[in-house]
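Please read the following walk-through alongside the model. It begins with a single contact between side chains and then widens to whole chains and a sheet.

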Amino acid sequence: MAATFFGEVVKAPCRAGTEDEEEEDEERTETPEDREVRRQLARKREVRLLRRQTKTSLEVSLLEKYPCSKFIIAVGNNAVAFLSSFVMNSGAWEEVGCAKLWNEWCRTTDTAHLSPAEAFCVFYHLKSNPSVFLCQCSCYVAEDQQYQWLEKVFGSCPKKNTQVTVLTSRHVTDYRTSESPGSLRCPFLRALKTQTLKEPPCCPLLEQPNIVHDLPAAVLSHCQVWKLPAVLYLCYTDVMKLDLVTMEAFKPVLSSRSFKGLVKNIPQSTEILKKLVTAEEIQSNIYT
Amino acid sequence: MASRYDRAITVFSPDGHLFQVEYAQEAVKKGSTAVGIRGTNIVVLGVEKKSVAKLQDERTVRKICALDDHVCMAFAGLTADARVVINRARVECQSHKLTVEDPVTVEYITRFIATLKQKYTQSNGRRPFGISALIVGFDDDGIPRLYQTDPSGTYHAWKANAIGRSAKTVREFLEKNYTEDAIANDNEAIKLAIRALLEVVQSGGKNIELAIIRRNQPLKMFSAKEIELQVTAIEKEKEEAEKKKSKKTV
């Protein structure tokens, strides 16, 4: 590898002969130590689904254990805060379990004692209607962990009458468009849905060539494969930290069928949202 | 394509972009909102104040700075870059006064800042300044001025403008509400600035800072109490307008 004048790192040709033959030899022989390291890493990165009361692992997947007609998943700080203010404050929700996981994005190396803020996805159901489920996921679920997460939550044969709604946000610089970036009115919502969902989404569909990433993409793909009706609402924003304007951009989804009967007092929820933002404000002196 | 042409400031991409300049404009959006309004007899600068840490001295966190007795500036973006630009501008204001025995015009100092920013988009080993600035003041002829500069080094005169986070929302509000009536009166111009900021400021009046310059008068910073009074008056007007609207529909 070599660095150019402009600071790019590029692969430089080697005049000492081809390196390919040496690499192939190394790959063929895997020692027992390598296997042990791989096993330990796999154990460290395992996604565990825990019961709320006993903190023991669930033997079956979450949706196999509890019947579910509506499943709302919030991925990322802004979506989680939006659901907390508008949905969770409008009814009595009970925690049923959590998914605990560790990856390189976690700020601690101690995989045994992870705090909820760091590496949890928490699952709730509505007390008055236990078939309505909600998941708040503030942690990052790595690519290799997404399949495990889906298996542990949805199981291998998910029921086709479960309607899934996913809320997430992404930085507007990831949005590909022929318009100039300055003319985009941030934040804005885009939707992506599975074939089996008949209801039209409450915002425009995500245009090509944009794609969805990470856990929301994994959930939507899983729903498409298993023919579950699912919709993903993606908010493109220019502020990735907890932000009132971004959270309020999710408001149009409250009119969709997924949220029918779940939202009661919108003005009060807006006040709760404002308090969440002021409570979580982290001071940065770099930008003024 | 962006990945090969976005590391060095002096390299154009095949489709004519200077990515570092465009990325600098993204850095501006990370700063809190600032709004500038040019009235008939007044210029107003309003900014969203960042909430300071408990142990931080609030006095030292400033978004509105005087460049000279008759010119002041609000910025959005990288704090350290702003400090460097403001210091250079202040030195230039005094140097101009000593050399030609006249204070700078608002346009002159804006052009100086814009030229400085442009130089940093065309030099090896440097990066652009990550700030946009709103520069306001009165010239000797008594005409109020408002200019805006951005990291590319362009500058334009405006009747009203906003920079920083949610600038687009504020600009759209100003386009709808900036009328000759709205700015004829000094107090109305001040209210327009506060109303524009209230569209995007998250915690109301206590997070707003305001500065005005009137003709032949020095810069005046509003106290928290004065801003609160204005916000209360605006909220009252809003309530009355809503009552009237609901009476009409009934």
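A:Glu36 and A:Arg39 form a salt bridge in which the closest N and O atoms are 2.9 Å apart. The term salt bridge stands for a side-chain nitrogen of Lys or Arg within 4 Å of a carboxyl oxygen of Asp or Glu. The two residues are 3 residues apart in helix H2 (residues 32-44) of chain A, so about one helical turn separates A:Glu36 from A:Arg39. Helices (H or I, at least four residues) and strands (E, at least two) are DSSP runs, numbered from the N terminus. A:Glu36 has a relative accessible area of 29% and is partly exposed; A:Arg39, at 48%, also counts as partly exposed. Here buried means under 20% relative accessible area, exposed means over 50%, and partly exposed is what lies in between (1.4 Å probe, protein chains only).

The model is predicted: local features need pLDDT of at least 70 and side-chain atom pairs count only at pLDDT 80 or more, while totals for chains, interfaces and linings use all residues. Residues are numbered from 1 along each chain as its sequence is written, chains are lettered from A and ligands numbered from 1 in the order in which they are written, and side-chain values use heavy atoms, with hydrogens and water left out.

A second pair in chain A is A:Glu207 with A:Arg190, whose side chains meet in a salt bridge at 3.1 Å, N to O. A:Glu207 lies in the loop between S9 and helix H7 (214-225) of chain A and A:Arg190 in strand S9 of chain A, so this pair ties together parts that are 17 residues apart in sequence. A:Glu207 is partly exposed at 31% relative accessible area, whereas A:Arg190 counts as buried at 15%. Salt bridges with shared partners also join A:Arg170, A:Asp174 and A:Asp214 into one network. In chain B, B:Glu26 forms a salt bridge with B:Lys29, with 3.3 Å between the closest N and O atoms; B:Lys29 is partly exposed at 23% relative accessibility. Over all chains the count comes to 20 salt bridges.

Now take chain A as a whole. It has 9 helices and 10 strands, and buried residues make up 45% of its 288 residues. Its mean pLDDT, the predictor's confidence in each residue from 0 to 100, is 81, and 82% of the residues score at least 70. Of the contacts in chain A with a separation of 6 or more, 76% are between residues 24 or more positions apart; contact means heavy atoms within 4.5 Å.

Chain B contains an open antiparallel sheet of 5 strands in the order S3-S4-S5-S6-S7. Two strands pair if DSSP finds at least two bridges between them. Strand S3 (64-68) and strand S7 (155-157) of chain B are the edge strands, each pairing on one side only. Neighbouring strands of the sheet are turned by 25 degrees against each other on average, direction ignored. Axes are lines fitted to C-alpha atoms, for helices over the stretch in contact, and angles run from 0 to 180 degrees between N-to-C directions. Helix H3 (residues 79-100) of chain B packs on this sheet, touching S3, strand S4 (71-77) and S5, and its direction makes about 20 degrees with that of S3(B). Within the sheet, strands S5 (residues 131-138) and S6 (residues 144-149) of chain B pair in the antiparallel sense over 6 bridges, and B:Phe138 stands opposite B:Pro144 in S6(B).
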